Each structure stands twice: as C-alpha cells, then as structure tokens.
Amino acid sequence: MKILFVCLGNICRSPLAEGLFIHHVKKYGLEDEIFADSCGTGNWHAGELPDPRMRKTAEKNGIILNHKARQITENDFKEFDYILVMDHQNLKDVLRLTGATSDKVKLVSEFHDNYKNDIVPDPYFGDQKGFDDVFDMLNLITEKLVHHIQLNR
Ligand code: 4NP
C-alpha cells in the first residue's frame with residue numbers, strides 16, 4: 001500500500017502528515033506493508049527541508065522531519081494507491097497536474113469522523129498556534145488512516 005500526502009509547498013502540512021503517518025505505521029508494526037511519501041503541487045521549495053517552524057513543532061512532539069520537498073508528477077498518480085490532499089485547491093491542482101479523474105485522490109480529513117470535509121489549514125503565513133493546531137489535527141487523522149488501512153487490507 002502506497003500513500004502520497006500532498007499540499008501546496010511540501011514544506012509544512014504534507015511532510016508533517018508523512019512523518020506522523022509513518023510514526024503510527026511503525027507503532028502498529030505495519031512498516032513492511034505500507035510506504036508513504038509527500039509532495040507539493042508547486043515547485044518553489046523543491047529540495048528544501050520542511051519549514052523550521054514545522055520541524056520544531058514536530059520535534060517537540062518526538063517526530064523528526066527530514067523529507068526534501070518535491071513537486072507532484074504524473075507518475076505519482078500511477079504509483080500511489082491513495083493521494084491525500086489538505087484542501088480543495090490541492091485537489092483541483094492534483095487533478096490538473098496528473099490528469100487524474102480517479103477517486104484515489106481524497107481530502108485527508110475523510111479518514112476521521114470529527115474532521116470529515118474539513119480542510120487542513122495552511123499554517124505558513126500564521127503564528128505558532130497554527131502549527132500546533134495542524135500537528136494535533138494531522139496526528140489524529142493519520143492514526144485513523146492507519147486503522148482504515150488495517151481494516152481494509
Ligand atoms: P504547505 O505550506 O503547503 O503546507 O507546505 C506552504 C508553504 C509555502 C508556501 C505556501 C504554503 N509559499 O507560499 O511559499
């Protein structure tokens with residue numbers, strides 16, 4: 001099972017989602033069955049580590065983020081089983097950039113009943129609370145995503 005998390009810049013939300021998801025995957029002993037990656041719809045930050053504010057927020061909660069940003073490609077659409085986006089603009093951009101029409105592209109919030117149809121807000125232009133809130137939200141959602149995969153394999 002291959003999961004791709006997508007946001008705009010691939011330096012805040014999606015690398016955090018990837019790091020948290022892998023953390024939960026390992027906690028449930030599923031690391032041999034599940035592969036995860038992340039990317040952005042834009043290429044402005046390609047090659048960069050996650051934003052220092054995002055890395056710090058993750059690190060204080062025991063999660064190390066060392067993903068290097070990259071832009072989504074058409075091949076990603078073929079390769080991954082789920083392409084999970086943070087907001088509606090990401091959804092539109094993924095469909096445009098990959099030519100996808102498939103239901104494998106979803107809002108990541110779909111996997112948690114308390115967040116269904118919510119967007120994961122972009123913390124980039126905000127304050128520390130935005131980063132903490134995104135951490136809490138993605139922590140809960142990615143754990144539910146592991147449960148979903150476990151139940152449906
Ligand atoms: P992300 O956040 O999509 O969660 O990685 C952003 C990062 C950078 C920019 C926007 C959003 N930017 O405009 O550079």
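Helices (H or I, at least four residues) and strands (E, at least two) are DSSP runs, numbered from the N terminus. The structure is a predicted model, in which local features need pLDDT of at least 70 and side-chain atom pairs count only at pLDDT 80 or more, while totals for chains, interfaces and linings use all residues. Residues are numbered from 1 along each chain as its sequence is written, and side-chain values use heavy atoms, with hydrogens and water left out.

Asp37 belongs to strand β2. With a relative accessibility of 14%, Asp37 counts as buried (buried means under 20% relative accessible area, exposed over 50%, partly exposed in between; 1.4 Å probe, protein chains only). Its side chain forms a polar contact with the side chain of Arg70, at 3.0 Å. A polar contact is a pair of N or O atoms within 3.5 Å; within protein, one must be able to donate a hydrogen and the other to accept it, and residues adjacent in sequence count only if both atoms are side-chain atoms. Residues up to four places away in sequence aside, Asp37 touches Ile3, Leu4, Phe5, Glu18, His67, Arg70 and Phe80 (contact means heavy atoms within 4.5 Å).

Strand β2 spans residues 35–40 and pairs with β1 in the parallel sense over six bridges. Two strands pair if DSSP finds at least two bridges between them. Ile3 stands opposite Ala36 of β2. Strand β1 also pairs with β3, again in the parallel sense, over four bridges. Here Val6 faces Val85 of β3 as its opposite residue. Five of the six residues of β1 are buried, so this strand is largely enclosed by the rest of the structure. Together, β1, α1 and β2 make a right-handed β-α-β unit. A crossover is right-handed if, with the strands pointing away from the viewer, the path from the first strand over the helix to the second runs clockwise.

The largest nonpolar core holds 34 residues, of which Ile3, Phe5, Leu16, Phe21 and Leu138 touch the most other members. Such a core is a set of buried Ala, Val, Leu, Ile, Met, Phe, Trp, Tyr and Cys residues joined through side-chain atoms within 4.5 Å. At least two residues of this core come from each of β1, α1, α2 (52–59), β3 and α5. Helix α5 gives the most, with nine residues. A second, separate core has 12 residues, including Phe80, Val85, Val105 and Leu107.

Val108 lies in the loop between β4 and α5 (128–151). This residue is buried, at a relative accessible area of 1%. Apart from neighbours within four places in sequence, Val108 contacts Phe5, Leu84, Val85, Met86, Val120, Leu138 and Ile141. Glu48, 60 residues from Val108 in sequence, is 23 Å from it in space, C-alpha to C-alpha.

Helix α4 covers residues 88–98, and its residues Asn90, Asp93, Val94 and Thr98 are buried. They share one side of α4 because they cover an arc of only 105 degrees around the axis. The arc is that of the directions from the helix axis to the C-beta atoms. The face turned away from this buried side carries exposed Lys92 and Arg96. Cover for the buried residues of α4 includes β1 (2–7), α1 (13–27), α3 (74–79), β3 (82–85) and β4 (105–107). At the N-terminal end, Asp87 caps α4, with a side-chain oxygen 3.1 Å from the backbone nitrogen of Gln89. Just after α4, Gly99 adopts a positive phi of about 75 degrees.
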